[in-house]
Amino acid sequence: MEIGSGPIGSCSKEHQKIFQEWFNYADSDGDGRITGNDAAKFFAISKLSRPELKQVWAIADSKRQGFLAITEFITAMQLISLAQAGHELTQDIIKTAVDIENIKPPLMEGLEGLVAKTKALTINGHHELNGSAQPQPPPSTQWFGSKSAKKLPPNAVTSIVDGLKRLYIEKLKPLEVAYRFNDFGSPLMTNSDFDAKPMVMLLGQYSTGKTTFIKHLLRSDYPGAHIGPEPTTDRFVVVMSGPDKRSIPGNTIAVHAEMPFSGLTTFGGAFLSKFECSQMPHPLLDQITFVDTPGVLSGEKQRTQRSYDFTGVISWFAAKCDLILLLFDPHKLDISDEFKRVIASLRGHDDKIRVVLNKADQVDTQQLMRVYGALMWSLGKVLNTPEVNRVYIGSFNDKPVNEAAAGPIGRDLFEKEQDDLLADLIDIPKKACDRRINEFVKRARAAKIHAYIISHLKKEMPAMMGKAKTQQRLIDNLEEEFGKVQREFHLPAGDFPNVEHFREVLNGYSIDKFEKLKPKMIQAVDDMLGYEIPELLKNFRNPYE
């Protein structure tokens, strides 16, 4: 199965010019996005039925962003053309269409005259760039840079992600700042955190095939990739799309405004020297970013301490990633102490974890059954969950399957498992917007509980004497204080932060200097979760629903 090389949005240069003119006409505010209302007006000219147009939007906006950029708009036009020719619209019609580039533009009644009229006005009133009006960047790109940005006009929101940015700046960020959530949880969010491509992180002991797995998907080496039986990847490498092949050092990436890695500066220079970004042009990397990690240590090597907080970094990336792949080798099923700590740091992200039993063609079918059973037993002890994790079995490299060991049954199994895993990866960009909403809501709940905890501790402090003694008592009995907060505000126990980590950070603060409970801030976040996010999703759903 190929991944990331589909023909979506591809067309001849002649047709692209026509579609660009149509796009500029339909894009009423010139921000490079066509929202549901604009699309409904424009698509009506096609004279297709409402159910057909509903399907056109659903397929074109497969990522559920709530708008169409030029690529999705071209897809929509090709779908309308196919529907007008009598084809039934399905999710796979564009991929299976023969000679996709030569699908003729659809019949849009009276559109040529409207475009010509608009073009004449554009030429008289504005300068043009490459034959089309220069699109304005979405206004949300400036929101995070403005210190005075408190209230943002509703018409500035042209997508679900824009709506989340506005809600974060107006409702959630004030609460996080007031109770220093960024010091206890994850750093304050930036524009690049919302706009980043979906990420996939690979974890495992050394020589389980993490780097080879990425190479297998890309069908080529990425800059700085090292593969060998020894621990070759000694750093965190972010593999992402770029204009040319190059490696960028960690300190440079961490201060890059357009990359979502500024929060990694909290782990210090020792970590940043072991962090780099590898860029290359590739259709898959246009959709997904990969995070290659150093091999988790085992045996005697665990006694050598790393120069930075390895599990802390893993936890930071886990919060940002859309999928976490745990790779195992049939000959490396033991879960070391460091690997246990790493898996424990993924707490709260269980829905993102997938397990890959790699290099499965190195053992025969009987041994593979035993290996699979041993792996499930080991994982059951570490993951502490009654549910069974999805395990993909295969040999994810460019070499042909070792049929002498695997046999014909093994080969069929590996091909089906590989197809399932690749299908999971293909779905990531489509689910990215839903995942972003999910993570935003999760963060909002965590910030609200954090505010309740901090204000409760502040309330327990004496007004005058014995502050130091009371603070120490509160820190020592933190679990008990969490229980009081949970009972007082009827909060779910599973949403509370890790006690040990919270205690460790709290030791560096004077509780007396924290803020008291601000009910208005809490209410604003409750309103956001209860009314404003559902309203946002309603506003940017399929316009034909």
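Modeller: Rings of Phe, Tyr and Trp (its six-membered ring) pair if their centres lie within 6.5 Å; planes under 30 degrees apart count as stacked, over 60 as edge-to-face and the rest as tilted. One aromatic cluster is formed by Phe236, Phe261, Phe267, Phe271, Phe275, Tyr308, Phe310, Trp316 and Phe317. This is a predicted model, in which local features need pLDDT of at least 70, side-chain atom pairs count only at pLDDT 80 or more, and totals for chains, interfaces and linings use all residues. Residues are numbered from 1 along each chain as its sequence is written, and side-chain values use heavy atoms, with hydrogens and water left out.

Biologist: How many aromatic pairs does a search of the whole structure find?

Modeller: The search finds 29.

Biologist: Why is the pair of Phe194 and Phe440 called tilted?

Modeller: The ring centres of Phe194 and Phe440 are 6.3 Å apart and the planes stand at 50 degrees, so the pair is tilted.

Biologist: What makes Phe194 count as buried?

Modeller: Buried means under 20% relative accessible area, exposed over 50%, partly exposed in between (1.4 Å probe, protein chains only). Phe194 has a relative accessible area of 1%, so Phe194 is buried. Phe440, at 3% relative accessibility, also counts as buried.

Biologist: Why is the pair of Tyr509 and Phe514 called tilted?

Modeller: Their ring centres lie 5.7 Å apart with the planes at 35 degrees, so this pair is tilted. Tyr509 and Phe514 are buried.

Biologist: What makes Arg33 lie over the face of Phe67?

Modeller: A charge sits over a ring if NZ of Lys or CZ of Arg is within 6 Å of the ring centre and within 35 degrees of the ring normal. Arg33 lies over the face of Phe67 at 4.6 Å from the ring centre.
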